[in-house]
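Subject: Structure handover

Hello,

I am passing this structure on to you.

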Amino acid sequence: LQPQADYSLRHHNSFGFDVRAEYFVCTQGTEQLRDAVQWARDHDCALHVLGDGSNTVFSSDVDGLVLKIGARQIDSEKLSAQAYRVIADAGVNWHALVEHCLATEQYGLENLAMIPGSAGAAPIQNIGAYGIELAQLLDSVEIFDTTSGQCRQLNAAQCQFSYRHSIFKTRAARNWIVTRIHLNLSAADKPCFHYAALQQSLQAANIQNPASKDVFDHVCKIRSSKLPDPKVLGNAGSFFKNPIVSAEKMAQLLARYPQIAHYPEAEGRAKIAAGWLIEQAGWKGYRRDAVGVHDNQALVLVNYGGGTGQQIATLANDIRVSIREKFDVELEQEPVLVPADNSPACTMR
Ligand SMILES: Cc1cc2nc3c(=O)[nH]c(=O)nc-3n(C[C@H](O)[C@H](O)[C@H](O)COP(=O)(O)OP(=O)(O)OC[C@H]3O[C@@H](n4cnc5c(N)ncnc54)[C@H](O)[C@@H]3O)c2cc1C
């Protein structure tokens, strides 16, 4: 195993930032993964695990070894007349997995179509879209612990999933590499289509009883019309999480901003549309240097070409401060900043 030195990550991040990894390796299988981890240890290198870089902001060159998992096997087991277990290697492209499952009549992933990235990264932030989160379909996650050199399997409860969060984003998991994910899918073609925008799209097409394929098609259609394609305009999708506030805070906000876009959460709390806040604060379409806020999607920060992760991080911070000042609401960044300014997790990897 010989990692490549001074390797460009330009095609390994959806912002298209032209940063370099001190060393880069793409592994196939557990033995190569073990070798790569040992190589980093022997060379006293920090290790950073990278999927497809669609939730990553590279703010500068990356010291140490950037490790990408290349293994792309998909296995499937029929558990009963109605239930499948699908097992995907971390390197499998997420959308390709959704397409594969639909084509083989293993249902459940349709709403998560066209989310960029790898299967291995899907549990990290518990990806979600159009009324479904990964947590609802996940059976377990296989990990490789770089400290012990052991493989382990975590069930869904152990993954501690919540909105765009899991144990994999905490210190407890800083030495874990996801190697495979196990999903519970169904043989029954009974899609979930309660999400308002999805329902409207299906109704507009006169589809009363959609099949999973209809849901897949309409999710793809809506996403293509709403979100910029990273191949054309660098971005990382939603840049901020939708903040969740207390019932009391929501009441205060509603008194001042009756139009505020929000959704009910457990225990009277509410989830506010971060895009609405950013748009109201006047950022939509804002451009500074080669980066900016998308013309139609206030939640999406973009690289017009030649921008840097530092510029994006500075712009994101200015947006965060302005939302705090105007609404007294804290925005939390969704993509991971690499190298992290304050997280020890990055250097451990
Ligand atoms: C246009 C666009 C639309 C998007 N829409 C959505 C959406 O609708 N819903 C949603 O939830 N997300 C969305 N995202 C965000 C992104 O697609 C997901 O977060 C995706 O899961 C990231 O996968 P990745 O392989 O690119 O992760 P990367 O950016 O490579 O990595 C993200 C984090 O996971 C870690 N990681 C990656 N692989 C592993 C592994 N095998 N083991 C341990 N750690 C690992 C990395 O170290 C990093 O901390 C969107 C992004 C874009 C660009």
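Predicted model: local features only at pLDDT ≥ 70, side-chain atom pairs only at ≥ 80, totals over all residues.

Residues are numbered from 1 along each chain as its sequence is written, and side-chain values use heavy atoms, with hydrogens and water left out.

Salt bridges

The count comes to 14 salt bridges, a salt bridge being a side-chain nitrogen of Lys or Arg within 4 Å of a carboxyl oxygen of Asp or Glu.

Glutamate 142 pairs with arginine 180, with 3.2 Å between the closest N and O atoms. Glutamate 142 sits in strand 10 (residues 138–145) and arginine 180 in strand 12 (residues 176–186), 38 residues apart. Strands here are DSSP runs (E, at least two residues) and helices likewise (H or I, at least four), numbered from the N terminus. Glutamate 142 counts as buried because its relative accessibility is 18%, and arginine 180 is partly exposed because its value is 26%. Buried means under 20% relative accessible area, exposed over 50%, and partly exposed in between (1.4 Å probe, protein chains only). Shared partners also join Asp75, Glu142 and Arg180 into one salt-bridge network.

Arginine 164 and glutamate 334 form another salt bridge, their closest N and O atoms 3.9 Å apart. This pair links parts of the chain 170 residues apart: arginine 164 is in the loop between strand 11 (151–155) and strand 12, and glutamate 334 is in the loop between helix 7 (309–327) and strand 20 (336–338). Arginine 164 is buried at 14%, and glutamate 334 is buried at 8%.

Aspartate 328 and lysine 249 meet at 3.5 Å, N to O. Aspartate 328 lies in the loop between helix 7 and strand 20, and lysine 249 in helix 5 (residues 247–256), so the pair ties together parts 79 residues apart in sequence. Aspartate 328 is exposed at 56%, whereas lysine 249 is buried at 14%.

Surface patch

Asp18, Glu22, Asp61 and Asp63 form a negative surface patch. Patches of charge take residues with over 30% relative accessible area and no salt bridge, like charges being joined within 9 Å; Asp and Glu count as negative.

Regards

Technical notes
Patch = residues over 30% accessible without salt bridge, like charges linked within 9 Å, V, L, I, M, F, W, Y side chains within 5 Å. Areas by Shrake-Rupley, 256 points an atom, 1.4 Å probe, with all protein chains shown as cover. Charge placed at Lys NZ, Arg CZ, Asp CG, Glu CD.
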